Amino acid sequence: MYKCALILAAGQGKRIKSDLPKVLHKVCGKEMVKHVIDSIRKSGIDDINVIIGKGAELVKERTADKNVSYSLQAEQLGTGHAVKCAEEFLRGKKGVVAVFTGDTPLIKQSTIERLFNDHIESKNSATILTAIVDDPTGYGRIVRENNEVSKIVEHKDCSEEELKISEMNSGIYCFDIELLLDALSKLTNNNEQGEYYLTDVIEILKAQNKKIGAVITDFEETIGVNSRVQLAQAEEILKDRINIMHMENGVTLIDPKTTYIGIDVEIGKDTIIYPNNILEGNTKIGSNCLLYQNSRISDSIIGDEVDIQSSVILNSNIGDNTTVGPFAYIRPETTIGKHARIGDFVEIKKSNIGDGTKVSHLTYIGDAEVGSECNFGCGTVIVNYDGKNKYKTIIGDHSFIGCNTNLVS
């Protein structure tokens with residue numbers, strides 16, 4: 001059966017108080033909307049349409065690598081209106097569409113799979129993702145009859161009996177595409193806000209005696225980020241999830257509370273990570289590495305049995321059995337070979353360093369090709385810039401550079 005997804009990402013997010021569109025705020029180093037896209041993709045859904053509005057061009061720019069299509073919601077007139085703006089994407093399609101919000105970065109792949117599977121297997125016209133909460137104040141309640149959903153009642157409209165219901169609406173749904181399109185044509189904005197609500201689609205389908213189901217998930221997966229406080233809460237939840245996953249895969253985290261690992265980072269088993277390390281982007285750490293305290297590693301590949309102390313490594317590759325730091329700065333487009341030694345207060349930029357080479361302390365190497373088994377004395381500088389142009393230095397194997405040497409490219 002054909003399956004696709006819509007992501008509502010048109011709002012600015014007034015409560016987050018930012019010039020940046022809300023869905024582009026990051027959780028564990030990745031934009032919230034990209035978390036949602038990636039979880040949907042991992043669940044096997046390739047056809048994804050993002051509904052954009054405020055900051056549309058910036059949202060398109062930041063998600064350009066995700067191979068999604070876009071629909072424009074020029075005016076924000078409610079969730080139902082947002083989905084109506086994607087009618088062109090849906091028209092002519094038969095199958096199932098799920099509707100997500102771009103500010104729910106904690107939604108899991110397994111939950112998305114369960115939502116689709118339950119919707120299809122139960123032959124529902126619509127399926128709502130719900131959660132059980134101790135205090136559902138402010139949330140729409142799910143009213144059931146014979147285990148089927150009969151309606152969604154907004155908190156302000158609840159009777160005393162309905163206020164006791166602890167099952168809440170997450171705002172994430174599955175629909176039969178053709179039935180959704182038909183219901184959207186019947187939506188009205190006869191309410192105090194003058195907006196078109198997606199929840200009204202459930203009422204329209206129920207009035208047609210269509211089957212409405214619900215899938216219950218953990219409340220934390222459904223949390224929508226509307227403020228900086230909620231952004232921090234989502235960060236903490238996802239950070240804990242990531243750290244637990246790595247520990248279960250054989251990585252030792254001395255203090256998980258002070259270890260920050262991005263969601264796309266890969267780490268080999270028996271690596272030990274001390275407190276206050278930040279691992280970002282598409283970083284890959286090998287096995288049996290020692291990451292001592294206070295390092296930042298971003299978009300880099302670290303080999304096996306590498307020791308790193310209190311250093312910054314950006315967009316670079318470090319070979320097996322190499323040591324880096326303390327206080328080294330490895331700048332982008334640097335490759336360091338195996339069994340090398342990069343010591344304290346060394347800066348390397350856009351250079352290749354051969355196997356077994358030692359750059360022990362207080363040295364700058366930029367735009368250079370350095371061979372194997374070389375030794376750099378303290379205070380060596382590659383002079384690669386004349387004020388207008390940058391030039392390359394080439395140093396062969398087994399070279400010995402003494403202290404306080406300037407190599408003019």
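Here is our conversation, from the whole chain to single residues.

Modeller: Before we start, this is a predicted model, in which local features need pLDDT of at least 70 and side-chain atom pairs count only at pLDDT 80 or more, while totals for chains, interfaces and linings use all residues. Residues are numbered from 1 along each chain as its sequence is written, and side-chain values use heavy atoms, with hydrogens and water left out.

Colleague: How many helices and strands does the protein chain have?

Modeller: Helices (H or I, at least four residues) and strands (E, at least two) are DSSP runs, numbered from the N terminus. The C-alpha atoms of the chain fill a box of roughly 85 × 45 × 40 Å along the principal axes. Within the protein chain there are nine helices and 37 strands.

Colleague: What share of the 409 residues counts as buried?

Modeller: Buried means under 20% relative accessible area, exposed over 50%, and partly exposed in between, using a 1.4 Å probe and protein chains only. By that rule, the buried share of the 409 residues is 48%.

Colleague: Which strands stand at the edges of the eight-strand open sheet?

Modeller: Two strands pair if DSSP finds at least two bridges between them. The order is E14-E17-E20-E23-E26-E29-E32-E35, with parallel pairing. Each edge strand has a single partner, so one side of each is left without a neighbour in the sheet; these are E14 (266–267) and E35 (393–395).

Colleague: In E26, which residue is the bridge partner of Ile318?

Modeller: Two bridges join strand E23 (residues 317–318) to strand E26 (residues 335–336), and the two run parallel. The E26 partner of Ile318 is Ile336.

Colleague: And which are the edge strands of the nine-strand open sheet?

Modeller: This sheet is also built by parallel pairing, in the order E12-E15-E18-E21-E24-E27-E30-E33-E36. Each edge strand pairs on one side only, and they are E12 (252–253) and E36 (400–401).

Colleague: Is Phe345 buried or partly exposed?

Modeller: Phe345 sits in the loop between strand E27 (341–344) and strand E28 (347–349). Together with Phe327 and Leu362, Phe345 makes a nonpolar surface patch of about 320 Å². Such patches take residues with over 30% relative accessible area and no salt bridge (a Lys or Arg side-chain nitrogen within 4 Å of an Asp or Glu carboxyl oxygen), with like charges joined within 9 Å and nonpolar side chains (Val, Leu, Ile, Met, Phe, Trp, Tyr) within 5 Å; areas come from the Shrake-Rupley method with a 1.4 Å probe, and for residues only the protein chains shown count as cover. With a relative accessible area of 48%, Phe345 is partly exposed.

Colleague: What is the relative accessibility of Ala131?

Modeller: Ala131 lies in strand E7 (residues 126–132). Contact means heavy atoms within 4.5 Å, and beyond four places in sequence Ala131 is in contact with residues including Ser166, Met168, Ile216 and Phe219. Ala131 counts as buried, and its relative accessibility is 0%.
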